[in-house]
Amino acid sequence: TPMNSTPTFACMERPSVLDVLQSARALSPRAASSSISSGGGFGASSSIAGPSSSSSSAAVAWESKVAVFDALARAIRVGGVKAAADATTHVDKLSNLFVRHLSDPHHRVALSALEAFVEVVPACGGALEPYLERLCPSLFPRLVDAKESVRGVASAALAAVGDAHSADALLPALLTSLESAKAPRAKTGVLEFALYVLSGQGGGTDPTGIGKSPASAGSGALSEVRSIHWSPYEC
């Protein structure tokens, strides 16, 4: 039975953070399985569902995940203060979404999740701090990803984290990341990042985003990913 598997936002010129979170509910395995068993498809309760797929698996297609994260990045980028406020209010849901997908095995999903994360970090500011210990361990392994594009945006994501949070706030996340990192180069990345923060280049140099709009703070990091201030490896 065909099912609607790829949420799209083509009908929305400016999707909101709340629109994206509503659609992202379909990305959980439980929601996918429930949707299939009921014959409703991912788009049964949402007007933003897109084209159908013939897959009968409960696994969510990578295209669905990419569509959600691309829409989230766009929502933050163009939504200004309202988008930042929504992101801050729902920071717990956003954090859970990133925890599930920053480590996705598909490089396109990982890349889209990282790009959205770069936008979300300055938008949420200090509200993201309680979740850093869960988020950061998924970022450092991406520094040694096989794809250069993923490595570059992972550096931008960590630079955004370093710019938004103090060294004291980051310490628990760094210790957890160091302990959980398996690849030696990922462990080295944690230590290099710690030096970056402690040297004063990051460490909450702009924790409130003063002088930056929430959108430009994140988009700037992406546009300058090739010349990012902190990058442990020149690959």
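**Notebook: salt bridges in the model**

I started with Asp 104, which is buried at a relative accessible area of 6%; buried here means under 20%, exposed over 50%, and partly exposed in between, with a 1.4 Å probe and protein chains only.

A note on what I am looking at: this is a predicted model, where local features need pLDDT of at least 70, side-chain atom pairs count only at pLDDT 80 or more, and totals for chains, interfaces and linings use all residues. Residues are numbered from 1 along each chain as its sequence is written, and side-chain values use heavy atoms, with hydrogens and water left out.

Which residue does Asp 104 pair with? I found Lys 65, with the closest N and O atoms 2.8 Å apart. The partners are 39 residues apart: Lys 65 sits in helix α3 (residues 62–89), and Asp 104 in the loop between α4 (91–101) and α5 (107–124). I took helices as DSSP runs (H or I, at least four residues), numbered from the N terminus. Lys 65 is buried as well, at 14% relative accessibility.

Then I looked at Arg 77 and Glu 119, whose closest N and O atoms are 3.3 Å apart in their salt bridge. Arg 77 is in helix α3 and Glu 119 in helix α5, so this pair ties together parts 42 residues apart in sequence. Glu 119 is buried at 0%, while Arg 77 is partly exposed at 35%.

Last, I checked Asp 145, which bridges to Arg 142 at 2.7 Å between the closest N and O atoms. Asp 145 is buried at 14%, and Arg 142 is buried at 9%.

Note on methods
Salt bridge = Lys/Arg side-chain N within 4 Å of Asp/Glu carboxyl O. Helix = DSSP H or I, 4+ residues; strand = E, 2+ residues; numbered from the N terminus.
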